[in-house]
Amino acid sequence: MALPSDFSPGITSAGAEQFRRMGLSHLFQFDLSALKQTGQAFPERQDVSGIHHVLDVACGSGEWAIGVARANPHMQVVGIDNNAQLIEEAQKKAQGVTNISFRYADPFDPRDLTDSAFDVVNARFLVGLLPLEAWPTFVQTCLRLTRRGGIVRLTEGDIPISNSPALERMNELLSRALWPAYHIFPTGENLVITPLLRRLLRQADCQDIQKAAYVTNFSTGMQAHDAVMHDLAATYRQAQSLLVLGGTSPEEVEQQYQRMLAEMQADNFCGVAFYLTVWGKKAG
Amino acid sequence: MAAPQDPSSRDNTYILGHTYAEQVRLVEQDRHFTQGMGGLLPEQTGLSAIHRVLDVACGPGGWPLELAQEYPHIQVVGIDIDAGMIDYAIEQARASGLDNASFRVMNALDPLDFPDAFFDLVNARFMVGFLPTTTWPQIIQEFLRITRKGGIIRLTESEWGGTTTSASYERSLSFTIRAMQRVGQSFSPDGRHVGITPMIRRFLQDAGCLNVQEQAHALEFSAGTAAHQDIMQDLWIAQKLLQPFHMGVAGATQQDVDQIYQNIPVEMLSDEFCGILYLLTVWGERP
């Protein structure tokens with residue numbers, strides 16, 4: 001039910017191995033719709049003029065980082081990921097944006113990045129990339145890269161909630177599949193990452209820890225509907241091999257997947273996703 | 001009173017029942033929720049144009065009493081099905097010398113005894129605890145009737161119980177959610193959630209409300225947070241009150257509910273305990 005007290009350093013456990021095999025990228029990116037609509041990369045902050053250097057860890061194909069760079073010409077944004085294909089994709093998308101760069105690097109141990117180089121180190125929707133026991137080390141890595149008084153900023157989401165039976169079923173299969181690597185999910189029915197974020201920052205001695213909660217409504221007719229639907233479709237396409245681990249047949253998973261796509265396009269489809277940003281200052 | 005097993009019952013459908021313990025619990029809960037949400041109407045601007053407010057299913061009156069205290073220019077009315085709750089609220093208003101808060105016994109499922117276009121704002125929180133799924137559209141229509149043109153309907157709901165690292169609490173939640181599904185108070189297709197949060201915006205839109213907006217809040221009650229002890233206490237009392245519902249409707253055994261009741265404080269008082277509850281407020285204007 002709780003974090004094990006003996007965190008192993010580095011990503012070494014069986015859970016981590018399973019994670020590597022999954023090869024998932026970000027699980028759900030519910031913050032992108034709001035970023036697109038408002039241009040606010042740090043909606044929890046009124047004044048972003050003091051933020052100059054931003055690192056986005058495990059940036060994937062770079063949507064968030066590019067959004068930040070576009071909306072904030074005074075910032076220099078760096079995105080790192082260990083998926084070469086995604087980095088290439090990110091670089092292509094960022095053509096013409098001069099204040100951003102993407103690099104191939106181990107996002108969980110970027111040795112060639114200098115200490116204390118960033119005002120904000122940002123990490124979002126990593127629950128499918130990082131097993132529970134690897135988080136404390138990861139937060140330490142983020143802190144190493146943050147300047148004194150700078151910010152480590154974590155954003156994670158809950159499983160979305162909807163009135164689509166097939167989407168709910170896919171969500172259930174996914175949380176059950178992630179369960180071995182997140183053994184604290186008490187029932188395997190929900191992701192339990194957002195309640196842990198504050199403690200992770202506190203245990204790393206971050207100061208002045210704060211939080212902000214957001215919701216993305218992706219019901220039919222809402223602005224976010226199409227983007228989130230495509231994100232879910234891609235995520236579940238990618239995760240299909242994972243979803244059968246619990247004993248569900250590939251045929252059933254495929255059938256549910258197709259049903260999910262149809263149900264999300266129905267006029268009466270309703271869905272929301274809550275996500276949480278927690279941030280804290282590096283002491284000093 | 002135990003929760004009824006007949007979903008068509010027009011009587012008291014509140015799943016926690018109406019007892020003194022629930023009254024006291026709700027007073028505390030109101031305080032925490034208001035604090036966790038950053039105020040009574042944190043998202044509303046232009047409160048100076050709001051003079052008459054209705055709070056539906058107000059319980060012992062925590063929210064309307066605080067509103068009356070903070071905004072002397074607002075006349076607030078609270079209604080609840082339970083006379084004990086209303087007596088308590090009236091007594092509190094009197095003791096605090098609040099003459100701008102009044103309370104009446106009224107069943108929110110019946111036509112409401114107020115004139116058309118009477119209120120500037122109608123507030124209803126956590127109706128999922130007593131409202132059958134099929135009744136939502138009609139109750140919103142009734143709210144619209146008693147709200148003035150341009151006035152606001154404001155709904156706040158949460159997925160029941162939140163997300164925690166306590167296995168016993170999560171087990172209890174699954175009984176609650178299963179039972180709510182059996183009595184027709186769950187929107188979730190598979191009974192893993194209550195499924196109310198995706199629906200409330202749709203209800204306001206379908207009723208023709210304009211400028212529908214929404215805002216999320218997260219109430220943290222992990223070990224080490226300010227609300228930890230108090231919310232734990234609140235959830236623990238709720239467990240006791242939910243036992244008849246779990247046993248009568250969800251098929252839990254005496255042993256199940258005893259075990260849950262014993263283990264929750266142990267698990268929640270652990271230094272490692274983490275818990276969070278997401279709340280969603282949706283509001284829109286009457287056309």
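A salt bridge here is a side-chain nitrogen of Lys or Arg within 4 Å of a carboxyl oxygen of Asp or Glu. By that rule, the structure holds 24 salt bridges over all chains. Keep in mind that you're looking at a predicted model, so a word on confidence comes before the tour.

For the complex, the predictor gives an ipTM of 0.90 and a pTM of 0.91. Chain B averages a pLDDT of 91, and 96% of its residues score at least 70. The stretch to treat with care is residues 1–10 of chain B, where pLDDT stays under 50. The model has 18 contacts beyond four places in sequence for that stretch.

**Chain A at a glance**

Chain A has 10 helices and 8 strands. Of its 284 residues, 58% are buried. Take the contacts in chain A between residues at least 6 apart in sequence: 77% of them join residues at least 24 apart.

**Where the chains meet**

The size of an interface is often given as the accessible area lost when the parts come together. Between chain B and chain A, the buried area is about 3,300 Å², and carbon and sulfur atoms give 61% of it. Three residues stand out on the chain B side: B:Arg192, B:Arg202 and B:Tyr278 supply 21% of the area that chain B buries against chain A, more than any other three residues. In terms of residues, the contact takes 38 from chain B and 45 from chain A.

How many salt bridges does the rule find across the interface of chain B and chain A? It finds 1. B:Glu220 pairs with A:Arg198, and their closest N and O atoms are 2.7 Å apart.

Which parts of chain B do the touching? The elements giving two or more residues to that side are strand S6 (163–164), helix H5 (167–182), helix H6 (200–206), strand S7 (210–220) and strand S8 (275–285). The chain B side that touches chain A divides into 13 nonpolar, 14 polar and 11 charged residues.

For a view from the other chain, look at A:Ser219. This residue sits in the loop between strand S7 (207–217) and helix H8 (225–238) of chain A. Is A:Ser219 buried or exposed? With a relative accessibility of 4%, A:Ser219 counts as buried, because the cut-off is under 20%. Setting aside neighbours within four places in sequence, A:Ser219 is in contact with A:His225, A:Phe269, A:Cys270, A:Gly271, B:Pro198 and B:Arg202. B:Arg202 is also one of the three residues named above for the area that chain B buries.

**Salt bridges within the chains**

Now for some pairs that sit inside a single chain. Here are three of them, with the N to O distance for each.

| Pair | N to O distance |
|---|---|
| A:Lys93 and A:Glu89 | 3.9 Å |
| B:Arg125 and B:Asp30 | 2.8 Å |
| B:Arg145 and B:Asp116 | 2.7 Å |

Start with B:Arg125 and B:Asp30, which are joined by a salt bridge. B:Arg125 is in strand S4 (residues 119–125) of chain B and B:Asp30 is in helix H1 (residues 20–36), so the pair ties together parts that are 95 residues apart in sequence. Both residues are buried.

B:Arg145 and B:Asp116 form another salt bridge. This pair links distant parts of the chain, 29 residues apart: B:Arg145 is in helix H4 (residues 136–145) of chain B, and B:Asp116 is in the loop between strand S3 (101–105) and S4. B:Arg145 is partly exposed at 27% relative accessibility, while B:Asp116 is exposed at 53%.

Salt bridges that share partners also join A:Glu63, A:Glu89 and A:Lys93 into one network. Within it, A:Lys93 and A:Glu89 are 4 residues apart in helix H4 (residues 84–93) of chain A, so about one helical turn separates them. An α-helix has 3.6 residues a turn, so residues three or four places apart point the same way. A:Lys93 is partly exposed, with a relative accessible area of 37%, and A:Glu89 is partly exposed too, at 34%.

Technical notes:
Residues are numbered from 1 along each chain as its sequence is written. Chains are lettered from A and ligands numbered from 1 in the order in which they are written. This is a predicted model: local features need pLDDT of at least 70, side-chain atom pairs count only at pLDDT 80 or more; totals for chains, interfaces and linings use all residues. Side-chain values use heavy atoms; hydrogens and water are left out. Contact means heavy atoms within 4.5 Å. Buried area is the accessible area (1.4 Å probe) that two parts lose on being put together, summed over both. Ala, Val, Leu, Ile, Met, Phe, Trp, Tyr, Cys and Pro count as nonpolar, Asp, Glu, Lys and Arg as charged, and the others, Gly among them, as polar. pLDDT is the predictor's confidence in each residue, from 0 to 100. Buried means under 20% relative accessible area, exposed over 50%, partly exposed in between (1.4 Å probe, protein chains only).
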